[in-house]
Amino acid sequence: MDSGPAVGHPAALLPRRSRAPLTALEVLVAADAHGSISGAARALGLSQPSASASMKRLERTLGLELLARGTRGTHLTDAGRAAATWAREVLDASDSFERGVTALRDAPSPRVRLAASMTIAEYLAPRWLAQLTHDHGRVDVELVVRNSHDVMDLVVSGDADLGFVEGTSVRRGLRSRTIVHDSLVVVVGPDHPWAHRRGRRASLAELVAAHLVVREGGSGTREILERALRAAGTLLPSHLPHLGSTSALKTTVQYSDAVTVLSLLAVEDDLVRGSLVQIDVPDLALGRSLRMVWKDGADMPATVRSIAALVARQR
């Protein structure tokens, strides 16, 4: 024997009606509180005809007689008083919804922690962050600057949401995407003898024997240089002076007889100004890809996904 549709089954739901507007429910509750439509209109700052029209529309929507209308005025029917009780609950829930949404809107946005290698942090990240602010307004972003090896450690450990690295390889546990194609260049100061050579060239042997200053171990720039030298059949000399920032290397080279290898992104303006001079070293392949990395399997929050998409568009 069929006992009818189970509770919760779509067939057990009441036919769908148009939802009662909140403004009409406010008039109903005010009429119950003040005893009349005129009292409700005064309390809500409405004209009496407007309040009366709202009640008529509500009666049509609900299919109930909410007001008893007579020569001595109007008052709520029994159905009207019952509906007013439920309407208060609806208005309280609406107020709670508005307070919750306001709290979400006004709450500080969660901090996004980015980690980037030196070159990317100095020459690319400021442009990305400016565009992010333009597109999304205030976003709480912390940018941690490390060498590429340490950046990958931060992302794997969960201490950074996204990383940006310069090296030739990406460690296990990370996924990556190429964001920029870059090249390293050999540079000297304007007073260096090589700067005055015809063609501004130096041999590979001269480069290895020169007063080289380089980035520290773990940096993507150094890794690319070491790889290129190995591919050309030589090695980077041991015990070379190393510095932890691009700016320090540029200053050292500019005012001494030192030679260094840096990202073209980092020295473009210096080459134009003439404060540094690019030296061509044949057979030394120094092209590279800069990558965005993130933890494999990580669920990116919406803000992090927005940053990743923005960076990908900037290629």
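Helices (H or I, at least four residues) and strands (E, at least two) are DSSP runs here, numbered from the N terminus. This is a predicted model, where local features need pLDDT of at least 70, side-chain atom pairs count only at pLDDT 80 or more, and totals for chains, interfaces and linings use all residues. Residues are numbered from 1 along each chain as its sequence is written, and side-chain values use heavy atoms, leaving out hydrogens and water.

**The annotated stretch**
- An unreviewed UniProt entry lists residues 22–77 as "domain: HTH lysR-type"; such annotations may be inferred rather than shown by experiment.
- That stretch, 22–77, is 64% helix and 14% strand, with its end C-alpha atoms 20 Å apart.

**Helix α3**
- The 15 residues of α3 (48–62) should span 21 Å at 1.5 Å a residue, and the end C-alpha atoms agree, at 21 Å apart (the expected span is 1.5 Å times one less than the number of residues).
- A51, S54, M55, L58 and E59 are its buried residues (buried means under 20% relative accessible area, exposed over 50%, partly exposed in between, with a 1.4 Å probe and protein chains only).
- Those buried residues pack against α1 (22–34), α2 (37–44) and β1 (67–70), with contact meaning heavy atoms within 4.5 Å.
- On the face turned away from them, P49 and R60 are exposed.

**The largest core**
- A nonpolar core is a set of buried Ala, Val, Leu, Ile, Met, Phe, Trp, Tyr and Cys residues joined through side-chain atoms within 4.5 Å.
- The largest has 24 residues, and V186, V259, L284 and L286 have the most contacts inside it.
- Helix α9 gives the largest share of this core, 4 residues.
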